[in-house]
Amino acid sequence: MSLYTLQGAVAVITLDHPPVQALGHALRAFLLQALTAAQADAAVRAIVLTGDARAFSAGADVSEMGTPLQTAEPRLDQLLAALEGASKPVVAALAGVALGGGLELALACHARVALEGARVGLPEILIGLIPGGGGTQRLPRLVGLPTALEMMQSGQARTARQLADTGLFDRVVADDLVPAAAAVALRLAEAGAPWPLARDRQPEAAAVQAQVAAARARLQPRQRLQPAHTALLDALAAVAEPFEAGLARERALFLGLVASPQARALRHQFKAEREAVKLPAALQMPPRPVDRVAVIGAGTMGTGIAISALDAGLGVLLLEQAQEALQAGVQRIHAHYNGRVAAGKLTAARAGEALARLTATLDWAALAQADLVVEAVFEDLAVKQAVFRRIDAHARPGAVLATNTSYLDIDGMAAATGRPADVLGLHFFSPAQVMKLLEVVQGRATAPEVLATGMALGQRLGKLPVRCGNAFGFIGNRIYNAYRRQCEFMLEDGAWPEEVDQALTGMGFAMGPFAVADLSGLDIAWRMRQAQAASRDPRERYVPILDGLCERGRLGRKTGAGYYVYTEGQAAPGTDATVRDLIEQARAARGGTPQTLTAETIRRRALLAMVNEAALLLAEGVAARASDIDVVLVQGYGFPRWEGGPVFWARQQDPAALADELATLVAAAGLGVRQGDLRVLLD
């Protein structure tokens, strides 16, 4: 668990718990034993605590959360107190990552030395918690409250180089980490006790209170829905108090969050994301090598995919059928990299390296150079089949052939080639260079190694790949379509678009469904409806409002009007006369008396529609795991992460009541709509 060696008069204690030195009970016990031994050794004048090149420590062992091992002695707080009270100076030597409890371990030492590229952070907010090992008390005392707040509120790691002038580190070095830390430790020993401690620095109380008050005023609506954000500010306010009182306040707040619904939901999502990338044993094959990707289509989606590949160090061939469209795509890619450089997020050299890997062409024969080809052309099956016939004629044998379709039949495209085993879906989400979700769609003939290649490529691109079966809309759009349809039902039943949107953003959705529809363009859903028209059961409830908007040229923000009217990109409040008339016409045609729908009713109906479709998808095998559905909805559709996803939400409800509500909801959707078996989700 840890290695204990002597380098002259310095004891070097090396954390050795692969892969990332998680601070589980066994490692904590070993560290305390090693620390005790070093203090008892008369030959030792100072102590260095270090890890390996990959990690100093990535923090708590998530597998122990909520188990007796998490609180078994020595607890983390006991280990940190032992470090602070050591009779010999202890210096932390940081390489790789030092996150959460790992950074708190370093904060309790008497000094810190780090490699320039070491990454440090307190990411607890991302799982609904706050630091529980003194991070809220020690870090502000070293770097100041504004820097500490930014690090804890974002949960994002920063490099030692970025933090070199904050007071967090005594030295930041390019190499020779342990010798540099040993030199600092010996200087402390020479100077004599007392050793410097973060806890001994007491900020001015009025300044702390003013900074915390300002931070409270800046909290965003979605942050206010998450108890960890207000708890973090409560803990930081305690920095104005004596150190032990601040520690006690932090600990009480931390323990109060551990069992909260939001923290449980975030832990669920954390684990679900790690499961999603795993293929079952039968499909675990070595992926085909991919060094060069061809992207067909230089529009917004195609260039986003190209940027993702360039960022991952891949060579990219961008293919278009017209010079003007190709040039526009190349300019879009250059503008992206120029913007990153101007914002200080990328060096000019790195941007130049990425752009040097880009080749733009009109020549289909160039596809022979690619290991993987992905088309991102117009969302029409006939158009895509024609593209796949041309890909088939030019791509080299063994190349993976992919489509970026959002909802069309993968097998229908594979059939246009002579090599259907090489075809799969790679459904990127817009903007492709930003969104993490990637649905990897397995067709009927997709070879296991081709599927493995898609999953591996997704991870290489920094995406979160989720395997899906080939069905209309796959996982995400299939569920979102059911959700959107239910929201349209609620317009007929008595709600206005802004009431539906406000109810769902009030729960934490990034945007309401009608604002999303306007942003993406109403014609996208309209085309999807047209594609489904031939197979739609005539007994199924159908709301014509969206069709009416599109027929009037109201396609959303891009035309200045959709469900809302836009002026300079801003939506006017309320529902305008055209939309109101269309909704009232639909209500009259349906009959009955419109009802007043509360925000809670709107939310439950929307969530129940998602849950029903999720049950159907799981039963059909379109989703391999229930938790994959939650990953897709959170990562790709703005479902509030701290609610866990529709499956997690369903599992928090009373099963009998949920089944009754679902039966009522499905009955109101028309005889052509099926009710999912909740047992597949809840078991």
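Author: Lys and Arg count as positive and Asp and Glu as negative, while His and the chain ends are not counted. The place of a charge is NZ of Lys, CZ of Arg, CG of Asp or CD of Glu. In the protein chain, the mean positions of the 66 positive and 68 negative charges lie 1 Å apart. Please note that this is a predicted model, in which local features need pLDDT of at least 70 and side-chain atom pairs count only at pLDDT 80 or more, whereas totals for chains, interfaces and linings use all residues. Residues are numbered from 1 along each chain as its sequence is written, and side-chain values use heavy atoms, with hydrogens and water left out.

Reader: What does the radius of gyration of the protein chain agree with?

Author: The radius is taken over C-alpha atoms, and the globule rule is 2.2 Å times the number of residues to the power 0.38. A compact globule of 683 residues would have a value near 26 Å, so the 28 Å of the protein chain agrees with the rule. Along the principal axes, the C-alpha atoms fill a box of roughly 85 × 60 × 50 Å.

Reader: How many helices and strands has the protein chain?

Author: Helices (H or I, at least four residues) and strands (E, at least two) are DSSP runs, numbered from the N terminus. The protein chain has 29 helices and 20 strands.

Reader: What percentage of the residues is buried?

Author: Buried means under 20% relative accessible area, exposed over 50%, and partly exposed in between, with a 1.4 Å probe and protein chains only. Buried residues make up 55% of the 683 residues.

Reader: Which residues of β5 lie on each side?

Author: In a regular strand the side chains alternate between the two faces of the sheet. In β5, Val-90, Ala-92 and Leu-94 are on one side, Val-91 and Ala-93 are on the other, and all are buried.

Reader: Which strands pair with β5?

Author: Two strands pair if DSSP finds at least two bridges between them. Strand β3 (residues 46-50) pairs with β5 in the parallel sense over four bridges, and Leu-49 stands opposite Ala-92. Strand β7 (residues 111-115) and β5 also pair in the parallel sense over four bridges, with Ala-93 opposite Val-113.

Reader: Is Arg-529 buried or exposed?

Author: Arg-529, in helix α22 (residues 522-532), counts as buried because its relative accessibility is 6%. Contact means heavy atoms within 4.5 Å. Leaving aside neighbours within four places in sequence, Arg-529 is in contact with residues including Glu-488, Tyr-542 and Asp-547.
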